[in-house]
Amino acid sequence: AETATTTVEGRATALETAVGNVGGGGHEARITTLETDLAALQATIAALTLNDLTDVDTTGLAVGDVLEWNGTDFVPVATS
């Protein structure tokens, strides 16, 4: 029985190491950390704007303008 218990505990430890659950706290702590990380990522994504794209220049953009590709960047162009 001791050998079977030792083998199960060894396999459980190996599994926890493989999934990054090292240092105690159990799976619940790991899930809580992942949920916190996910919430922070969702907040970052929600705060993104068009100006965060590196190939978009909205300088001088006015209502009714469109963004047009100039071969390098998207730039505002008046439609009228």
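The model is a predicted one, in which local features need pLDDT of at least 70 and side-chain atom pairs count only at pLDDT 80 or more, while totals for chains, interfaces and linings use all residues. Residues are numbered from 1 along each chain as its sequence is written, and side-chain values rest on heavy atoms, with hydrogens and water left out.

The accessible surface of the chain comes to about 6300 Å², and carbon and sulfur atoms hold 60% of that area; such areas come from the Shrake-Rupley method with a 1.4 Å probe, and for residues only the protein chains shown count as cover. Contacts (heavy atoms within 4.5 Å) tell a story of their own: among those in the chain with a separation of 6 or more, residues 24 or more positions apart account for 0%.

Turning to the fold, the chain has 2 helices and 2 strands, arranged from the N terminus on as α-α-β-β. These elements are DSSP runs numbered from the N terminus, with helices being H or I of at least four residues and strands being E of at least two. Strand β1 spans residues 66-69 and pairs with β2 in the antiparallel sense over 4 bridges; pairing requires that DSSP find at least two bridges between two strands. Within this arrangement, V66 stands opposite V77 in β2, and L67 stands opposite P76 in β2. The hairpin of β1 and β2 has 4 residues between the strands, and there G71 takes a positive phi near 100°.

L67 also takes part in a nonpolar surface patch of about 520 Å², together with L50, L53, L61, W69 and F74. Patches are made of residues with over 30% relative accessible area and no salt bridge, joining like charges within 9 Å and nonpolar side chains (Val, Leu, Ile, Met, Phe, Trp, Tyr) within 5 Å. A salt bridge, in turn, is a side-chain nitrogen of Lys or Arg within 4 Å of a carboxyl oxygen of Asp or Glu. F74 lies in strand β2, residues 74-77, and counts as partly exposed because its relative accessibility is 33%.

The loop between α2 (26-46) and β1 holds T58, which counts as buried because its relative accessibility is 18%. Leaving aside residues up to four places away in sequence, T58 touches L50, N51 and P76. The side chains of T58 and N51 are joined by a polar contact of 2.2 Å; the term denotes a pair of N or O atoms within 3.5 Å where, within protein, one must be able to donate a hydrogen and the other to accept it, and residues adjacent in sequence count only if both atoms are side-chain atoms. V63 lies in the loop between α2 and β1 too, but V63 is exposed, with a relative accessible area of 89%. The C-alpha atoms of V63 and A78 are separated by 8.9 Å, the two residues being 15 apart along the chain.

Finally, T79 belongs to the segment after β2 and counts as exposed, at 52% relative accessibility. T79 touches G64, D65 and V66 when residues up to four places away in sequence are not counted. Its side chain reaches the backbone oxygen of G64 at 2.8 Å, and the C-alpha atoms of T79 and D65, 14 residues apart along the chain, are separated by 5.5 Å.

Notes. Buried means under 20% relative accessible area, exposed over 50%, partly exposed in between (1.4 Å probe, protein chains only).
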